[in-house]
Amino acid sequence: MRGLAPYYLAALALGLPWVQALHATPPSDGPYVFMDEGERVARWVCDGEVHERSVGADGKIEPVCGSLPTLTLDHTAELAPDSLPQPERWAALSDIHGQAGLFVQLLQAQRIVDADGQWDWADGVLVITGDVLDRGEAQTEALWTIYRLAQEAAAAGGRVELLLGNHEAMVLAGDLRYLHPKYPAVARLLGRGSYDQLLASDTELGAWLRRRATVLKLGDTLFLHAGLHPDHADAALDLAVINRRFREGLGVPGAAMDPANAPLFGSDGPLWYRGYFVPLRASADEIQALLDQAGVVRIVVGHTTLAEIRSLYGGRVIGIDAGIKTGSGGELLIRDRQGLWRGLLDGRRLELAIGP
């Protein structure tokens, strides 16, 4: 931080919000992994001081500060799938919004990870339907935890799939209005100017996010962040095309976006549509037409915060944003051979009521 001291003091005198937040509580965050002249370099901010380590050929990153364990970079660089076969069991949650500790606590309560936070669900599949970013102060920890659990699950025959939410799209496009104040401070200390540059395509987390899917068909269930507008039932529903167009549009300003991609990022697109929950909502016939077009029996979405996981349209739509972003709630939707369950923080599983 020594080289940034004159800028820091001048900015503090001007009252810039990120510097005031840093001055009040020096931030800790990381790692962020960058490509630097062909070499991977991991950087942390620890109590306001920048630390750096080269990443070896084995991809291992030993922690310098913070709560994360040793990490190993994933060199497969594969695109996330558009569809997967029906598993024996799956679980889903949404809208973590920087609540990494509560996220892990919920997984532990439902025995998906063990007491040390390691994958413990064999061939089970965990789907996170977006919005890991924004609001809370542990979004880096949440991202790396999902990244690590995906590796551990794959080694055990299971899977972890993170889908993109509207807040991932916003942050990657430079819309940072919902960020916790520490993150702009971290970005400046690391010399990247704005936080979205810490998740640019030349960073490990940024490249990984750009390989995620937006919609996923898992056996008889379709997962996405917000919802499919009924208009999608009027034409062939090609999940691969939707995912490709989202990848093409990530980080592209609206004025420069391909007109074919722009509607997907709008208020009726899969990251924003709330028409299953609001008044004058989609009709049961429209929902059934969507299911028939996708070849599934249900759609699972987050985005619209509910008091608990809720079934609508006779079980055809399930809303799973149960308020984990508040820092005190949250539930998992779990499906096994016995049915659909609400997994609670106290370890209980309650049968999901099928609502109208």
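Arg-337 is exposed, with a relative accessible area of 69%; exposed stands for over 50%, buried for under 20% and partly exposed for values in between (1.4 Å probe, protein chains only). The model is predicted, so local features need pLDDT of at least 70 and side-chain atom pairs count only at pLDDT 80 or more, while totals for chains, interfaces and linings use all residues. Residues are numbered from 1 along each chain as its sequence is written, and side-chain values use heavy atoms, with hydrogens and water left out.

**Salt bridges**

The structure holds 14 salt bridges, each defined as a side-chain nitrogen of Lys or Arg within 4 Å of a carboxyl oxygen of Asp or Glu. The table gives three of them.

| Pair | N to O distance |
|---|---|
| Arg-40 and Glu-204 | 3.7 Å |
| Glu-88 and Arg-337 | 2.6 Å |
| Arg-342 and Glu-331 | 2.9 Å |

Helices (H or I, at least four residues) and strands (E, at least two) are DSSP runs, numbered from the N terminus. Arg-40 is partly exposed at 29% relative accessible area, whereas Glu-204 is buried at 9%.

The salt bridge of Glu-88 and Arg-337 links distant parts of the chain: Glu-88 is in the loop between β6 (83-84) and β7 (90-93), and Arg-337 in the loop between β15 (332-336) and β16 (339-343), 249 residues apart. Glu-88 is partly exposed, with 45% relative accessibility.

Elsewhere, salt bridges that share partners join Asp-36, Arg-43 and Glu-52 into one network.

**Disulfide**

The structure holds 1 disulfide, a pair of cysteine sulfur atoms within 2.5 Å. Cys-46 is joined to Cys-65 with an S to S distance of 2.1 Å. Cys-46 is in strand β2 (residues 39-46) and Cys-65 in the loop between β4 (60-61) and β5 (71-72), 19 residues apart. The torsion about the S-S bond is about -85 degrees, so the disulfide is left-handed. Cys-46 is buried, at 11% relative accessible area.

In helix α6 (residues 182-189), 6 of the 8 residues are buried, so the helix is largely enclosed by the rest of the structure. Just after α6, Gly-191 has a positive phi of about 75 degrees.

The buried residues of helix α8 (residues 239-249) include Leu-239, Ile-242 and Phe-246. Gly-251 follows α8 and has a positive phi, near 80 degrees.
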